Amino acid sequence: NQIPRVPLIEIEIIGELTVPQAGLARNLADAMATVFGSDIAQTWVRLRMTPADHYAENGTETPLGASAIFVKVTKRHLPDLTTLGIEADRISEKVSELCHRPKELVHVIYEPPGNGRIAFGGKLLK
């Protein structure tokens, strides 16, 4: 059993999509693998849909982000800021394209590096 290289991607879509959801998680996983240059089964995507009425922003009845998409990325190691910026732009493009949402509504959040804090099947990433 090979320990995944990571990245782990959590994608949370706020509100309804205008595209069919069948196969969306797989399509997003394949698209993210192209961003990260991952081998087969080395980029994992967990997709979550959040109804618009479960999202709010303070001081407004109609939140600007009511159709936002939040993408959390956990990688074994984080590269330099220039590389992160390029990655974030490519992630936003791919997610925007597949979900038919404006790129400006795709927000990428990098989690702390996974090395030393994530275990797969009890095997800690080192």
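Guide: In this predicted model, buried residues account for 37% of the 126 residues of the protein.

Visitor: What makes a residue such as Phe-120 buried or exposed?

Guide: Buried means under 20% relative accessible area. Phe-120 has 12% relative accessibility, so Phe-120 counts as buried.

Visitor: Why is Trp-44 called partly exposed?

Guide: Partly exposed lies between the 20% limit for buried and the 50% limit for exposed. Trp-44 has 39% relative accessibility, so Trp-44 counts as partly exposed. Phe-70, with a relative accessible area of 22%, is partly exposed as well.

Visitor: How many aromatic pairs does the structure hold?

Guide: The structure holds 2 aromatic pairs. In one of them, Trp-44 and Phe-120 are 5.0 Å apart, centre to centre, with 80° between the planes. Planes over 60 degrees apart count as edge-to-face, and that is the label of this pair. Trp-44 belongs to strand S2 and Phe-120 to strand S5, 76 residues apart.

Visitor: Why is the pair of Tyr-55 and Phe-70 called tilted?

Guide: Stacked needs planes under 30 degrees apart and edge-to-face over 60, with the rest tilted. The planes of Tyr-55 and Phe-70 are at 35°, so this pair is tilted. Tyr-55 lies in the loop between S2 and strand S3, and Phe-70 in strand S3.

Visitor: How do you know how compact the protein is?

Guide: From the N terminus, its elements run β-α-β-β-α-β-β-β. The radius of gyration is 15 Å, close to the 14 Å that the globule rule gives for 126 residues, so the protein is as compact as a globular protein of that length.

Technical notes
Residues are numbered from 1 along each chain as its sequence is written. This is a predicted model: local features need pLDDT of at least 70, side-chain atom pairs count only at pLDDT 80 or more; totals for chains, interfaces and linings use all residues. Side-chain values use heavy atoms; hydrogens and water are left out. Helices (H or I, at least four residues) and strands (E, at least two) are DSSP runs, numbered from the N terminus. The radius of gyration is taken over C-alpha atoms; the globule rule is 2.2 Å times the number of residues to the power 0.38. Buried means under 20% relative accessible area, exposed over 50%, partly exposed in between (1.4 Å probe, protein chains only). Rings of Phe, Tyr and Trp (its six-membered ring) pair if their centres lie within 6.5 Å; planes under 30 degrees apart count as stacked, over 60 as edge-to-face and the rest as tilted.
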